[in-house]
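Colleague: Please take a close look at a single part of this model and describe how it is built and what it touches.

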Amino acid sequence: MTTFDLTIGAIKAAIIVGVLQGCVPILVWVERRGSALIQDRLGPNRVGPFGLLQPMADALKFIFKEDIIPSSADKFLYVLAPVMTLLPALTTFCVIPWGPGIDVTFRGVAHHVSFQVADVDIGVLVILALVATGVYGIVVAGWSSNNKYSMMGGLRSSAQIISYELAMGLAIIGVILPVASLRLPAVVEYQRHHLWFVFTQPVGFLTFLIAGFAETNRLPFDMPEADSELVAGYHTEYSSMKFALFFMAEYANMVTSSALAVTLYFGGWSVPFVEASGIPGAILGIGAFAFKVAFFLWLFVWVRWTLPRYRYDQLMRLGWKVLVPLAALNLLWSSTATLMGWI
Amino acid sequence: MMIPAATPNFGPAAEPMGVPLGAYLLLSAALFSIGLFGVLSRRNAIALFLSIELMLNSANLAFLSFGRALGNLNGQVSVFFVIAVAAAEAAVGLAIMVTVFRTKETINVDKLDILRW
Amino acid sequence: MTPATGTPVQTVLLLWIPLLPLISAVLVGLLALTPLSKNKKLSTWLALAGPGLSLLVTARVVWDFTQQFRSSSPEPLRMWLSWWIINAGELHVDARLIVDPLSAVMISVVTGIGFLIHLYSTSYMHEEDGSAYARYFSYLNLFMFSMLVLVLGDSLPLMFVGWEGVGLCSYLLIGFYYKKDYAHAAGKKAFVVNRIGDFGFLLGMFLLWQSYPTFEIRYLVTQIAAQPEKLLQLHHPFGLFHITTATAAALLLFLGACGKSAQIPLYVWLPDAMAGPTPVSALIHAATMVTAGVYMVARLNVVYRLSPVAMTVVATVGCLTALVAATIALCQTDIKKVLAYSTVSQLGYMFLGCGAGAFVWGIFHVFTHAFFKACLFLGSGSVIHAMGGEQDIEKMGGLRKHLPITFATFGVSTLAIAGVPGLSGFFSKDAILGSTLASGHTFLFGIAIVTAGLTAFYMFRLTLRTFAGEFRGTSDQEHHLHESPWTMTLPLVVLALGAAGAGWIKPKFERFLAPILVEIHGHPAVEAAEHGSAHRIALVLSILSAAIGIGIAWAFYTGKRAGENPEKLSRSFPGVYAALLARYRIDELYDRIAVTPVRNSARLLWKWIDTLVIDGLVNAGAFLVELTGDLARFLTTGRVRDYAFLIALGALVLAVWTLGVAP
Amino acid sequence: MELALFIVCAAVAILFALVVVTHPDPVRSVLALVVTFFALAILYVQLAAPLIAALQIIVYAGAILVLFLFVIMLLNAGPEKDTGDRSRLRTIISLLTAAGLGGMIAARAWLNQSTGIEGADNPSSLAAEGSVHAVARVLFDRYLFAFELVSIVLLAALVGALVLTKKEPA
């Protein structure tokens, strides 16, 4: 590949990281204001207009807090864990297309720049793989901090994520079948010409969504950190920036899975009934993508402050006895429909 | 509109391998013997299992490199099966280990020697 | 010829002739194992169904066959049981059923008389309890099946299957009262003696196959006819004597025939076989099975014709057997024993006929003999029935009044076997005698004539002692005396009619069998005998001797002083009398020269070879295994890693080895 | 480029494999194994088997090894304590055996690689279609029966694991 491609790739990667990091403070603010709204209170409103600068204050607080490493902890792993959590969260995004892409001419050579870091043949599988590895951070954190609450958290998250991957994967296969390709752009492309999968496979979408909640350890499935049972779960012992990394990882995960949901079920960056290409098309696409993702992010917040936490056994039962069968059902439907050419 | 051609295409490279088959096989052999060493020398049942997984993977590597060299997909399919079976093996093995631990309070395989003369 | 091409319906029917008895054998046999067999009616119907239907089918087939035979050139019916083929290397055996004149005669006899005897048995065996009753009929049907296979089989192996099958059934039926020692002893004796014969049969069979690689009798016949020289080549075993293949094969096969048909030296089992129920004696040991040997010799007459030596041997053995058996029969007092020896002697006649080259007459005698001997046995059965199990003729007498039908039929058959002109026995026996003389065996002819006289004598002695004079048994026996039910008398009557009339079809019979038994470079004797002077001489002499025999018997055993003259006679020749009474001590002789040595050597093998050597070896092996186990168990440390280590070591060795052998 | 990648991945793989078999703490062994698997996955991609690479991560790294961690935590099986019966002799012997066998295999590999390449029917046949499609075609065509069998095996394992670990209803 040429230096041009390399540079473009680097730029795109930088954009991704930047945007994801940038989202975090905003999301923190949205979360806190949103929760306040839902719980009918004011929420942070001192720092800056509408408390917009509150996240900054939080960040500062994190930075200046004392960084404690428990004496009985497994130092190496203890330090490693937050990174292991954040990394997959960031990298997952790089196979998700967030715009139609544009044609640019650079030094007389025409290039096509797709709004996606890596268009991989096996995009969906890559996503599943990275999500799967995401659990290590939590587990290792739980293990290394050598604290029974943390360990319980780690245990739970490992079991939980393995269980919900199953449902998620099955649901996604339902989408892959009609598209007949593992490339996410292909999925988007398909939805531009057909109904969005949220309409053709509502059951699959529901399964995927719930599994997504579980994968990101968000309420009502935040077993690993269930603050009322295990003080703060896997990150009980963590403080200051290390904790902040977990924090960022969680939000990054939220963004990623929202983006994934959008791409798989809501037509990605495509806007129905609108055909535009070139710069306007790109802008329109990216705008649409951002809008949809924002909606899902709000959904995350909304759900978190509305629903109570599940009990662990209930969680498992839901995963294995409800979601997996549902996903299988959806798979059956989708394969039949594909065969018959209904969707 | 045409789907843009994938930029860094992870698909199969059409050109013959830049790395000789022998190198892959050597790597696989090395991994295999390391795993074997683990199996022979570790007393912790879990470590034993890990070593076995390692050996399995060396086999997979050999499969894939041969398949690549011969230019057919049987290697990949075999690996597919190996992985599936490995999953089954791990599940059952760990289950056994858990039950053993419940009764004998240890997973040191040298302690589990009641099945002798 | 597959069933497909063998379109005529009889070809397909053919299969059912043996199959039906087999089916009822199996059904009744299974019934015998269930409490259902308490109900004898059921067993009876099942048991009669097989032979009855089989008889009908046979009638149909034989009838069509004779029609087609009369009209066009004789083409035997063949059915190819394609589902049963031995096929190993050069050895190909199609299992074919064949109906040619010879087997047509045989199956008629077997099914016909077989059915009658089944009918007879239903009442004769009625005292048996249900299970035994069913068992009996199962055996009897199985026997019919085997016998039919024997006569219908077109290949030697198939024939042999039937051969062994009848052997087995005879064993089972002789030992039917297996709770009695003498019964199962007799059964064993029959079986063992037959084995000796079978051994000969097998060897002969193989010898033939060696020179003509086929077991199909018809191919055998054609090939031998085509190139007899193969059989005529000389062998020089051990540098002792010269012998042609034909002779060797013929003699070996004849050994088999001797076993089955109770000829010297293997006749000893037949008299003992009377331990079985009387109908069995009638069916198996008089009418059908014992004639299997004759049938086999006739079937393979081509081979015999090629070997004058064998022919002579057959004739001589037959003749001597006839004489010896007749003499023994003179002073037996057990009614069945007498009949048994007479059977042996009659079989001797058959072989004499075959040996003299008159296979037709041999078979013809089989045919007639089947009637009168079956009738005689059944009659004796009826008598024994009436006497409540008494078999000694000295305790009988004067039964004429009580058992008129039995007496009538018995009498007719006696006349027939004695060779009184006009009755069936006369025709066949006379024909045999004639061709014997014609074939130049003058000496044998003489003996045969004498034997005929003896036959007439002892048969009349038997009849007179049994039916004439005063009753010599106990009084309650006399009370118990009664004529048998119709199921027993009907067969008697039918058979008696056969015994009386069967002789008259002689010319037809000859023409019918000609293509098989005469045609192939026919023995000069047969044609010559037809109207040669020999026959007239034979006719005269045989009638004469029969008359003498009858006369003496009459003189001895009738009137007031019945039984005194024989006393005098026996006292005047004590040695001879003793010898005859003791049956020449043949059994004792065999016991001395064969049974005891075998038993001793067996004991030797058992005590020394088996218990010491073989068991020793086995135990040594076991001990070795145990030892290795004791040593090897130290390898099983129970530690996974050690096992893993051993596996790895093995893999290493293999790797080194492969690297060594295949670089 | 390809060669460099190979060398790096191989080095990483071997290094962490050694950690796996030598480190007394099972948790670290697991993590080291994860790294090895990642390295191998990259090699798989290089070997034109992206699907297998993905499976490697999803199934092995993502499921099996997580299961291992889960069990380790469940049993709270800390670092292998030196229980005295560790014999240096045993270590040496096993080292020798392993090395010997590995050497044999390696030798075999070198001897055979020439013949191995010769059998190559056009490697570009893989490139013809997306390898996932290609693999799928082979898997569901030629190896369909084996595939079904494997599904049965997995079901059996599932049930077996459940039965084994089920506590007696007190």
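Modeller: In chain B, 45% of the contacts between residues at least 6 apart in sequence join residues at least 24 apart, a contact being two residues whose C-beta atoms, placed from the backbone, lie within 7 Å. This is a predicted model, in which local features need pLDDT of at least 70, side-chain atom pairs count only at pLDDT 80 or more, and totals for chains, interfaces and linings use all residues. Residues are numbered from 1 along each chain as its sequence is written, while chains are lettered from A and ligands numbered from 1 in the order in which they are written.

Chain B has three helices and zero strands (DSSP runs, H or I of at least four residues for helices and E of at least two for strands, numbered from the N terminus). The order from the N terminus is α-α-α. Of its 117 residues, 56% are buried, that is, with 20 or more other C-beta atoms within 10 Å of their own C-beta, these atoms being placed from the backbone.

The contact between chain B and chain D takes 72 residues from chain B and 82 residues from chain D. On the chain B side, helix 1 (21-41), helix 2 (45-70) and helix 3 (74-104) each give two or more residues. Helix 3 of chain B gives the most, with 21 residues. By class, this side of chain B has 51 nonpolar, 16 polar and five charged residues; Ala, Val, Leu, Ile, Met, Phe, Trp, Tyr, Cys and Pro count as nonpolar, Asp, Glu, Lys and Arg as charged, and the others, Gly among them, as polar.

Definitions and conventions. Buried ≥ 20, exposed ≤ 12 C-beta atoms within 10 Å, placed from the backbone.
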